[in-house]
Protein chains: 2
Amino acid sequence: MTPDKISLLIADDHPLFRAGVKQTIEKLEPAEIYEAEDGDKALQIIREIEPDVAVIDLRMPGKTGLEILSELYNSGVTTKIILLTMHKNVNYFYKAISVGAKGYLLKETAVHDLIEAVKIVYHGGTFISSRLKALIKSEKSDEVQNKLLIDSVNSLTSAERQIMKLLSEWKTNCEIADILFNSTRTIENHRANISDKLNLHGAHSLIQFAIENRELF
Amino acid sequence: MTPDKISLLIADDHPLFRAGVKQTIEKLEPAEIYEAEDGDKALQIIREIEPDVAVIDLRMPGKTGLEILSELYNSGVTTKIILLTMHKNVNYFYKAISVGAKGYLLKETAVHDLIEAVKIVYHGGTFISSRLKALIKSEKSDEVQNKLLIDSVNSLTSAERQIMKLLSEWKTNCEIADILFNSTRTIENHRANISDKLNLHGAHSLIQFAIENRELF
DNA sequence: GTTGGAATGAGTAGTACTACTCAATTTGGG
DNA sequence: CCCAAATTGAGTAGTACTACTCATTCCAAC
């Protein structure tokens with residue numbers, strides 16, 4: 001089917017998982033396979049070798065998959081990137097798409113889907129886990145809502161982003177104020193503005209969002 | 001080295017990861033390999049087939065690895081169980097050991113370590129990721145402290161456990177009170193007792209512990 | 001059949017965060 | 001240079017949780 005060997009990067013910090021992906025691909029498709037165990041090495045290999053396709057884990061030591069996508073977006077690199085993650089968080093999916101991901105696969109996905117995704121993306125298409133598609137449709141949060149939510153997250157200022165990062169580490173307002181050399185009142189005001197932008201209300205809704213979506217900040 | 005084929009169960013909800021483990025073992029060691037994609041199937045296979053060794057993920061749909069260990073503890077089943085998880089949480093490790101795990105491996109572990117662990121455990125020994133051993137030693141929380149902490153967690157009453165479960169789902173005191181048909185004051189008192197047992201103090205320390213150690217409840 | 005743990009509930013005081021409004025200063029881009 | 005956005009800070013009121021103390025009921029084990 002595919003006349004030439006596909007060159008492929010597998011980036012994941014779990015050696016056993018990389019072995020699974022590698023052997024699955026090799027068994028069914030001739031391919032030149034590169035491996036990376038952290039985000040920095042993955043980025044380096046993509047820039048130096050420009051493989052046809054890269055299958056990248058979202059959460060890795062060093063740079064996350066989303067950070068790699070952001071850095072390569074509009075950089076002229078032709079490598080097509082598929083995110084492969086265990087996170088069913090739809091916000092991560094919308095973020096990935098918004099920074100140029102060509103595919104989004106859940107780790108719970110069947111072996112067959114990975115081959116399919118690599119082929120399709122290699123030929124210029126896009127691939128999304130059917131399980132995730134179902135989630136997007138079924139969930140109470142409808143599609144438009146979530147796209148808007150990602151736009152809101154992207155609209156956060158750097159001070160606001162900083163606070164979300166610290167919140168995702170369970171820091172209190174007091175601690176954040178100390179770290180940023182600000183008054184507690186300032187942090188409180190930033191929090192209020194963030195909650196406003198993200199349409200969050202109630203007790204610990206903001207810290208919950210920060211922790212459940214920490215890769216977005 | 002090993003005269004007879006080892007029979008081995010691999011339980012993990014990620015097909016690609018199972019493929020990695022399976023092929024890694026098969027390449028280097030003759031083995032009869034079974035697979036399970038969730039906790040219930042894993043438990044069923046262990047009870048029916050009693051494989052020599054079972055490599056089980058901590059977090060799975062259905063029963064978790066820790067729940068499987070608890071159910072099999074003192075049940076007479078001879079299968080030796082190795083937990084294989086990405087969680088570096090030392091509390092999970094101490095809990096696993098306290099319910100009879102023979103090995104505790106991090107997913108970031110080298111391929112070689114898995115083979116080693118299976119062999120050692122098969123022959124009656126125990127195996128712990130060197131990375132985790134390092135963590136246990138280095139961390140500010142010393143070994144004795146953490147063992148005591150697990151004893152404290154195990155000493156929680158059923159009402160207290162229930163509250164920790166609900167807290168790990170970000171429920172507020174108000175919501176928990178409604179769910180359990182209690183007064184908010186009762187929940188507050190239970191929370192105080194739990195914080196006392198676990199030696200937790202300050203703002204959101206209890207909900208943080210509940211979320212970061214949810215598999216313990 | 002009493003004793004101790006568990007579960008239930010309350011009083012009171014203090015801290016942390018939310019939910020509004022308002023305002024001064026700083027800074028980057030047209 | 002100027003304007004809009006970002007950053008910084010505060011007033012006030014209310015809610016959620018912490019940190020103690022204390023009391024009642026229930027149940028199971030000795």
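Contact here means heavy atoms within 4.5 Å, and helices (H or I, at least four residues) and strands (E, at least two) are DSSP runs, numbered from the N terminus. The model is predicted, so that local features need pLDDT of at least 70 and side-chain atom pairs count only at pLDDT 80 or more, whereas totals for chains, interfaces and linings use all residues. Residues are numbered from 1 along each chain as its sequence is written, chains are lettered from A in the order in which they are written, and side-chain values use heavy atoms, with hydrogens and water left out.

**View 1. Helix α1 of chain A against helix α1 of chain B.** Leu16(A), Phe17(A), Ala19(A), Gly20(A), Val21(A), Gln23(A), Thr24(A) and Lys27(A) of α1(A) meet Leu16(B), Phe17(B), Ala19(B), Gly20(B), Val21(B), Gln23(B), Thr24(B) and Lys27(B) of α1(B). The axes of α1(A) (residues 15–28) and α1(B) come within 7 Å and cross at roughly 85 degrees, where axes are lines fitted to C-alpha atoms, for helices over the stretch in contact, and angles run from 0 to 180 degrees between N-to-C directions. The two helices are therefore roughly perpendicular to each other, a term that covers 65 to 115 degrees. By class, this contact has eight nonpolar, six polar and two charged residues, with Ala, Val, Leu, Ile, Met, Phe, Trp, Tyr, Cys and Pro counted as nonpolar, Asp, Glu, Lys and Arg as charged, and the others, Gly among them, as polar.

**View 2. The interface of chain B and chain A.** In this interface, 28 residues of chain B are in contact with 28 residues of chain A, and the area buried between the chains (accessible area, 1.4 Å probe, lost on being put together and summed over both) is about 2,300 Å², of which carbon and sulfur atoms give 73%. Across the interface the rule finds zero salt bridges, a salt bridge being a side-chain nitrogen of Lys or Arg within 4 Å of a carboxyl oxygen of Asp or Glu. On the side of chain B that touches chain A, α1 (15–28), α5 (111–122) and α11 (205–212) each supply at least two residues, and α1(B) gives the most, with nine.

**View 3. A salt bridge within chain B.** The side chains of Asp12(B) and Lys107(B) meet in a salt bridge (2.9 Å, N to O). Asp12(B) lies in the loop between β1 (6–11) and α1, and Lys107(B) in the loop between β5 (103–106) and α5, so the pair ties together parts of chain B that are 95 residues apart in sequence.

Conventions:
Buried area = accessible area lost by both parts, 1.4 Å probe. Parallel < 35°, antiparallel > 145°, perpendicular 65-115°, else oblique.
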